[in-house]
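Biologist: I am new to this structure and would like to learn how to read it. Could you walk me through a few features?

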Amino acid sequence: MEGSREENETCATREVEAKFVIVGGGIAGVTCAETLADECPEEKIILITASPLVKVVTNYQQVSRTMETFDVEEKPSSTVESQCPNVRVIHAFVSGLQAEEKMLTTSDGKRVHYDKLCICSGGKPKLIPGQNPLVVGIRDTESVKSFQKKLSAAKRIVVVGNGGIATELVYEVEGCEVVWAIKDRSISSAFVDEGAAQFFLPHLNQKKKEEASALVKRLKYTVENEGGSALSPTEGEGDGSFGSALGPDWATSRHMKGASSVCPQVHVDYQVEVVRVMDRDQMSATHLKTHTPTHFAGDSEQEWPVYVELSNGCVYGCDLVVSATGVIPFTDPFLPGNTFEVAEDGGIKVNHKLETSLPDVYATGDVCTAAWERSKLWLQMRLWTQARQMGSYAARSMVAATRGESISLDICFELFAHVTKFFGYKVVLLGLFNAQGLGNDYELLLRQKKKNCLFRVTRPTLSIWRRPKNFFLI
């Protein structure tokens, strides 16, 4: 009898149900859970996250109707439960979704039943093909820690990618030679045009970067296993899972210094792609010559642990290769056995209510692709700002559907607005900030002075000024 009772109790603990279930402990998922808790304090909410640490939005400021600034802090998942009493956090990986049965299965054997589901699983990094251990990707806190450890012994690194993380990384790394390989004609092309990129270029090799205007004063949390080492979601599980995306100030106050005493030295190779990554033995078999930029130390005969061949014919030897080529939506646990409509970029298609093609299933953040008729001045970029906005809107959309109410598209989807920081300058992006969708049918007038510049796109009118110190408006 006792054995039968214990078996029944175990089965009961494996069966979990809630009105709302959110998958993902990143900015989108946590924002969705918090908004649901405010809107429906009487309803049970479950947040499933692969990491014991979740990303929480703090110091939120509404700058204008469409523009906002905030910080992102990592906190224990128990923080969400303490602040939102009707939210339960389950620390597990989602192993499958049975949408017809309205049920999720998790890595710890739980079956989670829902009325409304919101998928906020984020994205996974696109890595350079190959299994070389000296190729690292940067996506979450755990991967940054691994990078910092390897960087401390490196005298030269190759950074591949031209997005936000690559831009911040190249600027912040010190005590190391950096080869920056990008596929575009200018740096940071996802955020700024060639004129603005030219203004930022001298900051790459400045002798000493300006100190941060304000210290980031916040508690830092880490997760340790029984052996006392940092525990990554990718370790021990073997399923390729990972933590939440980095926040807006991920590089601030982090120690990213190489093994060399040289001043920052950055060399940029434009309009190139990686042909292959080779170890020392593979390089020897090719009889290729290595290339050393003129302002770098060492010579072309020096041996390195890893080599990168670029499409322009240059081969660079280095200690470490950083793959920062963006992310792809993480949909692996949800697609098998279900009939989601998937966009060309791999994201789950959502309509103007953030509903997927399956009933009562929503998606938000990096995992989704906006498939509604968009405003002429809004575009989707997988950024922290949009993750927070989508998470909040998805929660309100789910509540409206539950109550049988209608909901209008949030004003944040009318005008693209994003605030970030590059090379020590605050950068504000508004609307079609980089003349997206215009092809070549526009004119760019440029005036640039030392430490002061003015850019103007005349068709349509789109202006970029730098007026106050350390401030850009795009």
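Predicted model: local features only at pLDDT ≥ 70, side-chain atom pairs only at ≥ 80, totals over all residues.

Biologist: How many Å should α8 span at 1.5 Å a residue?

Modeller: The 20 residues of α8, 384–403, should span 28 Å, and the C-alpha atoms at its ends lie 29 Å apart, which agrees. Here is the general idea behind reading a helix. An α-helix has 3.6 residues a turn, so residues three or four places apart point the same way.

Biologist: What comes just after α8?

Modeller: There you find G404, with a positive phi of about 70°. Further on, the loop between α8 and β22 (417–422) holds D410.

Biologist: Is D410 buried or exposed?

Modeller: D410 counts as buried, because its relative accessibility is 18% and the cut-off for buried is under 20%. Setting aside neighbours within four places in sequence, D410 is in contact with Y393 and R396. The side chains of D410 and R396 are joined by a polar contact of 2.9 Å. D410 and M390 are 20 residues apart in sequence, with 9.3 Å between their C-alpha atoms.

Biologist: Now the strands: in what order do β14, β15 and β16 form their open sheet?

Modeller: The order is β14-β15-β16, with antiparallel pairing. At the edges are β14 (274–279) and β16 (315–318), each pairing on one side only. On average, neighbouring strands of this sheet are turned by 20° against each other, direction ignored.

Biologist: Which residue of β16 stands opposite V308?

Modeller: That is Y316. Strand β15, residues 306–310, pairs with β16 over four bridges in the antiparallel sense.

Definitions and conventions:
Residues numbered from 1 in each chain as written. Heavy atoms only, no water. Helix = DSSP H or I, 4+ residues; strand = E, 2+ residues; numbered from the N terminus. Expected span 1.5 Å × (residues − 1). Pairing = 2+ DSSP bridges. Axes fitted to C-alpha atoms, helices over the stretch in contact; angles between N-to-C directions. Buried < 20%, exposed > 50% of the residue type's maximum accessible area, 1.4 Å probe, protein only. Contact = heavy atoms within 4.5 Å. Polar contact = N/O pair within 3.5 Å; in protein donor to acceptor, adjacent residues only side chain to side chain.
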